[in-house]
Amino acid sequence: MIKYISPTLLLLFLCTTFYSQDINYSALLIPVELKENANAVVRDNSVEITIEDVNKMTVKKRKVVTVLNKLGDVDAVISESYDQDTKINDLSAKIYDAFGNEIKKYSKRKFEDISAVSGGTLYSDSRVKYIDYTPVSYPYTLVFESEYETETTGFIPWFFPVNGYFVSVQKSSFTFKNPKEIPFRKKEVNFENYTIKTTNSPSELTYVLENEKALKYENSSVHYREILPKAIFALDKFYLKGVYGEYANWSEFGKWMNEKLLTDRDILEESTKLKIRKLVEGVEDPIERAKLVYQFMQNKTRYISVQVGIGGWEPIAANLVDEVGYGDCKGLTNYTKALMDVADVKSYYTIVYADEKRDIDKEFSSIQGNHIILNIPNKGNDIWLECTNQTMPFNFLGDFTEDRNVLVVTPEGGIIKRTPAYKNEKNLQITKATINFDEAGNLKATLKRTSEGIQYDDKFGYDTFSDEELTKIYKSNVWSYNNNLEVAEMVINNDKDSIKFTENLKINISDFATVNEKEYLFRVNVFNAINQVPKRYRKRKLPLQIVRGYQDIDEYIIKIPKEYAVEYLPEKKEIKTQFGSYEMSISKLDENTLYYKRTIIILAGTHPKEEYEKYRSFRRTTAKLENQRIALIKK
């Protein structure tokens, strides 16, 4: 039986609860509009940075976040990092339930203390203090406070008030105190679309953002970093792990880095130099010499992270990498550069943002990036080498570091360049197959699939898998939409010279066609049906972005059973749009042989939100064509 509770009694209960607890932490007080599309609500996020001197910075943080559901746990991380030149002065956390009742309390001594990096790291002085809190119910509120001081002023925390999609902000404040008025630079990004209150004086700068609704992610959108507000800072004079620096532009930064972090790190033993000279002896083309050196490095080394002291920024000496046979991205790249010098190939240490596609900001010089690659100038057609992957082809970066601004460090200074882009037709997959159907609806096929560009990048790791592992990938991933698929034979070839990956397969699929007394029906596109339709949005809010684009060409020779004849062949289809094109044709070679060809091209680009529905219409039409079926009748 459900008893009636009067509004007066309910109000009295809530008021009593609020009166006995800190009312600010009750989830019931969050404005309704801030809960819309939100997994978490940042109630108060305050960061206060004080630049005490060129080599001393204090950072105070206080974050109050209410987590509405499990997906919001990512916005309630309880951790603080430190190392040998960073001291944590204060650390505490409290957890409150939906009504603002305190249910957990953690002092500094209750925080776990572990290495900040994974087991793949050989050694590291980077550590983290954290609490692994498991919620018992939602919503809950975290109050997390910390304070640390550090000698390193090369990295100043950014003002980034909205930390992604599905999180709203009640209040976020950022204060930059500079009592000694040390010269610094700042850059404000995407402020124009947000109401950010700014106060500025010679010694103090403050930003405040309030009541910002959660931004909902939409398929094929731009990355949130491109649209959310942020402010970044850099001191003209700074201190980094025992090394002082000064710069005001990328040229000066690159010169500082070359002199302070790279000089004398390229020394090699004479025995190693002799090996390299012998390796390239008689090879006149510098690019061919570079290929030999790159292969030598790949065969000799393996990747392992090393982060001790300035090791987070300075590479391990080349002779040490040569001796032990391992290193991180900095050490392996610097080692490869040293080997190239011996082979008389000019190359440069290069800073990049890896994985997530981000640019080094060419307009604002500061310590940026998270990875190192090698640049070889080549008369305007530069060579780029990934030195941490022992199987990557020469002059191929893949989606890990392609198509982004990078900083090339030269003795003369830093230079912003852009890595090559793999877009549209460069990301090519060609599939040719001969398909034989029997009278019962089973098919046997011989198939050759060749991949280039990012489609090569997706597959070249296949040659490290066992036959069993690769068969599982084909059945559960590549062709999961084909029931009863079996791989009878496979031969794969990773051609690193031409950067092409080729798969030769024999495939059997039982009961592929639907057979009854009246007809014999089968889907024509057996091996590359792309039939996903983009999600519909009644009111699209974000621009459409197609990141890379690709081209797929499929050609099948289809042998049908002699007992059957083709009843009807679909007309040729051609579709051309600003987003790409689609062509499909089915023709008869003889009474029992069909020829199917399909070409789809998707073009990279960013389009206004108003164009999304046109793109969806294009993909919806092509998805229908991907499911095109042929009906046969008995003779």
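A disulfide is taken here as a pair of cysteine sulfur atoms within 2.5 Å, and by that criterion the structure holds zero disulfides. The model is a predicted one, in which local features need pLDDT of at least 70 and side-chain atom pairs count only at pLDDT 80 or more, whereas totals for chains, interfaces and linings use all residues. Residues are numbered from 1 along each chain as its sequence is written, and side-chain values use heavy atoms, with hydrogens and water left out.

**Confidence**

- The protein chain averages a pLDDT of 92, and 94% of the residues score at least 70, pLDDT being the predictor's confidence in each residue on a scale from 0 to 100.
- Over residues 1-22 the pLDDT is below 50, and this stretch has 14 contacts in the model beyond near neighbours in sequence, where contact means heavy atoms within 4.5 Å.
- The pLDDT is also below 50 over residues 119-123, a stretch with 14 contacts beyond near neighbours in sequence.
- Where pLDDT is low, the predicted coordinates should not be read in detail.

- C329 is buried at a relative accessible area of 8%, and C387 is buried at 0%; buried means under 20% relative accessible area, exposed over 50%, and partly exposed in between, with a 1.4 Å probe and protein chains only.

- Eight strands form an open sheet with mixed pairing, in the order β27-β28-β26-β25-β31-β35-β34-β33; two strands pair if DSSP finds at least two bridges between them, and helices (H or I, at least four residues) and strands (E, at least two) are DSSP runs numbered from the N terminus.
- The edge strands, each pairing on one side only, are β27 (485-495) and β33 (573-577), and the twist averages 10° from one strand to the next.
- Strand β34 (residues 580-590) pairs with strand β35 (residues 593-607) in the antiparallel sense over ten bridges, and the bridge partner of S587 in β35 is Y595.
- Helix α9 (residues 467-478) packs on the sheet, touching β26 (443-451), β27 and β28 (500-509), and its direction makes about 110° with that of β27; axes are lines fitted to C-alpha atoms, for helices over the stretch in contact, and angles run from 0 to 180 degrees between N-to-C directions.
- Helix α10 (residues 612-626) also packs on the sheet, where it touches β31 (544-559), β33, β34 and β35, and its direction makes about 15° with that of β34.
- R616 lies in helix α10, is buried with a relative accessible area of 14%, and touches V533, P534, K535 and R536, not counting residues up to four places away in sequence.

**Aromatic pairs**

- The structure holds 40 aromatic pairs; rings of Phe, Tyr and Trp (its six-membered ring) pair if their centres lie within 6.5 Å, and planes under 30 degrees apart count as stacked, over 60 as edge-to-face and the rest as tilted.
- F238 and Y247 form an edge-to-face pair, at 5.4 Å centre to centre and 75° between the planes, and F238 is buried at 2%, as is Y247 at 2%.
- Y294 and F394 form an edge-to-face pair, at 5.9 Å centre to centre with 65° between the planes.
- This pair links distant parts of the chain, 100 residues apart, with Y294 in helix α5 (residues 286-300) and F394 in the loop between β22 (383-385) and β23 (405-410); both Y294 and F394 are buried.
- Ring pairs link Y462, F465, Y474, W479, F501, F527, Y556 and Y596 into a cluster.
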